Amino acid sequence: MVNKAEIQGYDISDKSAVVIGCGGLGVNICTHLAGAGIGKLTVCDFDVVEEKNLNRQFFYDRSMLGKSKCAQAGAFLSNYATEISVNYINKKITAVVDFEFAKETDIVILAVDNIDAREITQEFCYKNNIPLVNGGVNGFFGIAYLYVPNKTPCLACAGMLNECDCKTYNSSATAGIIGSIQAQLAINRLLDNEYTNGCELIVVDNLNISRLKIKSGRDCPLCNK
C-alpha cells in the first residue's frame, strides 16, 4: 500500500474528524481528509440526494436521487480511501445531546447552511474543548474559520451566525474552494501548526482572498465565560 505520509509530507492516520453535512462543502472536505489518510472519518447528514444538488455534490449521480446522502457518501469514501475507517450517521442535529457520537473526535467540521445547527455544534465543541471549522458559501462568495474553544473568538464574533451567511446560491467552484480551505484548516490544526490559532476569518470574494483579524466582543457571553 502507498505510504501517504511519504507522498504528502505529513501523517494524520492517528487522527479523527467528524464532518456535519454532505453537501457542496462536505463532499470537498471529506475528499481531502480521506485522501490525506485521516484515521477515522465520520460523516453526518439527514438529507437525501436531490437533482438540484448535482451541480456541486460530486459524490452523487441521478441513480441516487432520493437516497440517503450520508450513506452514499460513506460508500464513496470507503472505496476512495480503503485504508481509513469511515462511519456515517443519518441524523439531524437538533440538540447538543445529538453529538454523543462525536465526543472522542479530534476535530469537527461544519458544512451546513443552518444557523441553529451552527449554534448547537459550537456549544457542543465548547463544552468538550474540541476545535471546530465552519464555512459558508453564497454564489461566488465564501468564508471559512477555525474556532478553538477558549483560544479564539467564537462563531458569533466572527460573524458566522448571521442569517445573511446562509443563502441558497450555490456555485460549485466556490464550494470547492471553501471546502478545501476548511479541510486545510482542519489538517493544520490536527498537525498542531500554530498559525491556525491566528483568529482569522478567511474570505473568498470571487478571485479575491482576504484574511480578517477577529476579536472577541466585549459582551460576548461565550468568549467571556
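**Figure 1. The whole fold, read from end to end.** Which pattern does the protein follow when read along the sequence? The answer is α-β-α-β-α-β-β-α-β-β-α-β-β. Please keep in mind that this is a predicted model. In terms of secondary structure, the protein comes to five helices and eight strands. Its C-alpha atoms fill a box of roughly 50 × 40 × 40 Å, taken along the principal axes. A compact globule with 225 residues would have a radius of gyration near 17 Å, and the 16 Å of this protein therefore agrees with that.

Figure 2. A reminder for anyone following the pairing: strands of a sheet pair through backbone hydrogen bonds, either parallel or antiparallel.

**Figure 3. A parallel pair, E4 with E5.** Here we look at strand E4 (residues 107-110) and strand E5 (residues 132-138), which run parallel and are joined by three bridges. To find your way along the pair, look for Val108, which stands opposite Leu132 in E5. The loop between H4 and E5 holds Asn129. The phi of Asn129 is near 55°, a positive value in a residue other than glycine.

Figure 4. How many bridges join E6 to E7? There are five, and the two strands run antiparallel. Within this pair, Ala144 stands opposite Ile202 in E7. E7 then pairs with E8, again in the antiparallel sense, over six bridges, and Val204 stands opposite Ile209 in E8. E7 and E8 form a hairpin with two residues between them. Asn206 is in the turn of this hairpin, where its phi is positive at about 60°.

**Figure 5. Helix H2 packed with helix H3.** Two packed helices are described by the angle between their axes and the distance between the axes. For helix H2 (residues 24-35) and helix H3 (residues 69-80), the angle is about 25° and the axes are 10 Å apart. H2 and H3 are therefore roughly parallel to each other, and H2 passes H3 in a right-handed crossing. At the contact, Cys30, Thr31, Ala34 and Gly35 in H2 meet Phe76, Leu77 and Tyr80 in H3. Sorted by class, this contact of H2 with H3 has five nonpolar, two polar and no charged residues.

**Figure 6. Helix H2 again, this time with helix H5.** The axes of H2 and H5 come within 8 Å and cross at roughly 45°, which makes H2 oblique to H5. H2 passes H5 in a right-handed crossing. From H2, the residues in contact are Gly24, Leu25, Asn28, Ile29, His32 and Leu33. On the H5 side they meet Ala175, Gly176, Ile178, Gly179, Ser180, Gln182, Ala183, Ala186 and Ile187. By class, the contact of H2 with H5 has eight nonpolar, seven polar and no charged residues.

**Figure 7. A close look at Glu51.** Where does Glu51 lie? Its place is in the loop between strand E2 (40-44) and H3. Not counting residues up to four places away in sequence, Glu51 touches Arg62 and Leu65. Glu51 and Asp61 are 10 residues apart along the chain, and their C-alpha atoms are separated by 8.3 Å.

Terms used:
Residues numbered from 1 in each chain as written. Predicted model: local features only at pLDDT ≥ 70, side-chain atom pairs only at ≥ 80, totals over all residues. Heavy atoms only, no water. Axes fitted to C-alpha atoms, helices over the stretch in contact; angles between N-to-C directions. Helix = DSSP H or I, 4+ residues; strand = E, 2+ residues; numbered from the N terminus. Parallel < 35°, antiparallel > 145°, perpendicular 65-115°, else oblique. Left-handed = near helix turned anticlockwise from the far one by under 90°. Contact = heavy atoms within 4.5 Å. Nonpolar A, V, L, I, M, F, W, Y, C, P; charged D, E, K, R; others polar. Pairing = 2+ DSSP bridges. Rg over C-alpha atoms; globule rule 2.2 N^0.38 Å.
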